[in-house]
Amino acid sequence: MPALVLLGAQWGDEGKGKATDLLGGSVDYVVRYQGGNNAGHTVVVGDQKYALHLLPSGILSPECTPVIGNGVVVDPSVLFSELNGLNERGVDTSKLLISGNAHIITPYNVTVDKVTERFLGKRKIGTTGRGIGPTYADKINRVGIRIQDLYDESILTQKVEAALDGKNQLLTKVFNRRAIEAGKVVEELLSYADRLKPYVADTVLVLNRALEDDKVVLFEGGQGTLLDIDHGTYPFVTSSNPTAGGACTGAGVGPTKISRVIGILKAYTTRVGSGPFPTELFDEDGEALRRIGGERGVTTGRDRRCGWFDAVIARYATRVNGLTDFFLTKLDVLTGWEQIPVCVAYEIDGKRVEELPYSQTDFHHAKPVYETLPGWSEDITSAKSFSDLPKNAQNYVKALEEMSGAPISAIGVGPGRDETIEINSFL
Ligand code: IMP
């Protein structure tokens, strides 16, 4: 029954928290399927603003069961501080479920992330420094530590020793750092075991049973399509699959169960960290988008790079995710521009290119080809239906829809929970 995937259609930070929260009331399970505390969702409920990094945004809806799937990497200390923060504000977090197969971000994974970035110098990825890449690397190298390992001390010790063997060589001989003691790491990890225990579950079984029972399950991608390890702007990507297929592997639900894939699309474009970004602006328009849109990372506090809407990217997201709908966010940020440029194609070495080039070199050379659409100056934050929008805002939305290849079913016109225009229901 209804299994919806909600994911970022650009480079992340498209406003997924708001979209998930909009659906929260009618959703039974909200599942994170990849990434870790590198993500950042801001959710506004009434006059309260919540910044979530690791927890699924469904944690704020009392009737919803939040799930951290097997594809997620979990830093227990971050998890606990996020839970404590919510509990202090009166949010009940007792329904949370965490897959016993999810991998743990260990302290040495965080160290390796930081020293590797420092070592790369100018060529750095601009990671969030949370240990995400090294934890996924350990998983693929089959030396990762999973949540279930916390409940067998002898296995845990063997695994931590195995993982640290090579890393300590690297840390001491290449990075000139002190070796990390396996015993200390094991001690720290064991200190999390009791508090984690009530949350640990066979989430694959729980989710498949829920779908058999006609429950509504929402899979929430942590980062955007262009940050996907396979389909993004490699190597300037995260180390997991936020694209739709990642929901299946990262939660253990078959592709035949997915009924809808919704891409969150910002009305302009932003990116954090290094890597190509054809429509990036370095002028006062970019500065204005950053200021008006509040484009500062929820997780890192870094300023986001800002640029105009890129339809080539949106079309690509439609294709690689099989998107059925878009949720267009932050349309209100564009209020006040007389003309709004939209990138409809690229020019690469003198040739017009309509689709995202598969070659990294070509993408680095891509220059945006703009079409300019007339802007609007009326405040749109109180618009409740599409027809409440000024004509030019309507035309902007329609143009984006036509260029992007999937219907725009909802539009965000302000940060608040109810500042959303629903065109087609997602359920
Ligand atoms: P990592 O995920 O920390 O390894 O960072 C890899 C790249 O993904 C960097 O460019 C980060 O800035 C970017 N990144 C990771 N998570 C997010 C996110 O939630 N929003 C936007 N960018 C992100």
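Biologist: Which residues of α5 and α6 meet?
Modeller: From α5, Glu153, Leu156, Thr157, Val160, Glu161 and Leu164. They meet Ala182, Val185, Val186, Leu189 and Leu190 in α6. Contact means heavy atoms within 4.5 Å.

Biologist: How many nonpolar, polar and charged residues are in that contact?
Modeller: Eight nonpolar, one polar and two charged. Ala, Val, Leu, Ile, Met, Phe, Trp, Tyr, Cys and Pro count as nonpolar, Asp, Glu, Lys and Arg as charged, and the others, Gly among them, as polar.

Biologist: Before we go on, where do these values come from?
Modeller: This is a predicted model: local features need pLDDT of at least 70, side-chain atom pairs count only at pLDDT 80 or more, and totals for chains, interfaces and linings use all residues. Residues are numbered from 1 along each chain as its sequence is written, and side-chain values use heavy atoms, with hydrogens and water left out.

Biologist: Back to the helices. At what angle do α5 and α6 pack?
Modeller: About 135°, with the axes 9 Å apart. Helix α5 covers residues 153-174 and helix α6 residues 182-196. Axes are lines fitted to C-alpha atoms, for helices over the stretch in contact, and angles run from 0 to 180 degrees between N-to-C directions. Helices (H or I, at least four residues) and strands (E, at least two) are DSSP runs, numbered from the N terminus.

Biologist: What do you call that arrangement of α5 and α6?
Modeller: Oblique. Under 35 degrees is roughly parallel, over 145 roughly antiparallel, 65 to 115 roughly perpendicular, and the rest oblique.

Biologist: New topic. How many salt bridges are there in the whole structure?
Modeller: The search finds 15. A salt bridge is a side-chain nitrogen of Lys or Arg within 4 Å of a carboxyl oxygen of Asp or Glu.

Biologist: Which residue forms one with Arg290?
Modeller: Glu287, with the closest N and O atoms 2.7 Å apart.

Biologist: Is Arg290 buried or exposed?
Modeller: Buried, with a relative accessible area of 17%. Glu287 is partly exposed at 43%. Buried means under 20% relative accessible area, exposed over 50%, partly exposed in between (1.4 Å probe, protein chains only).

Biologist: And what about Arg319?
Modeller: Arg319 forms a salt bridge with Glu355, the closest N and O atoms being 2.6 Å apart. This pair links distant parts of the chain, 36 residues apart. Arg319 is in helix α10 (residues 311-321). Glu355 is in the loop between β17 (351-353) and α11 (360-365). Arg319 is partly exposed at 45% relative accessibility, and Glu355 is partly exposed at 31%.

Biologist: Which residues are joined into one network?
Modeller: Asp13, Lys266, Glu295, Arg304 and Lys330, through salt bridges that share partners.

Biologist: What about Lys184?
Modeller: The Lys184 side chain meets that of Glu181 in a salt bridge, 3.7 Å from N to O. Lys184 and Glu181 are both exposed.

Biologist: Last one: where is Ser274?
Modeller: In the loop between β12 (269-271) and α9. Ser274 is partly exposed at 21% relative accessibility. Beyond four places away in sequence, Ser274 touches Lys124, Ile125, Gly126, Phe236 and Arg305.
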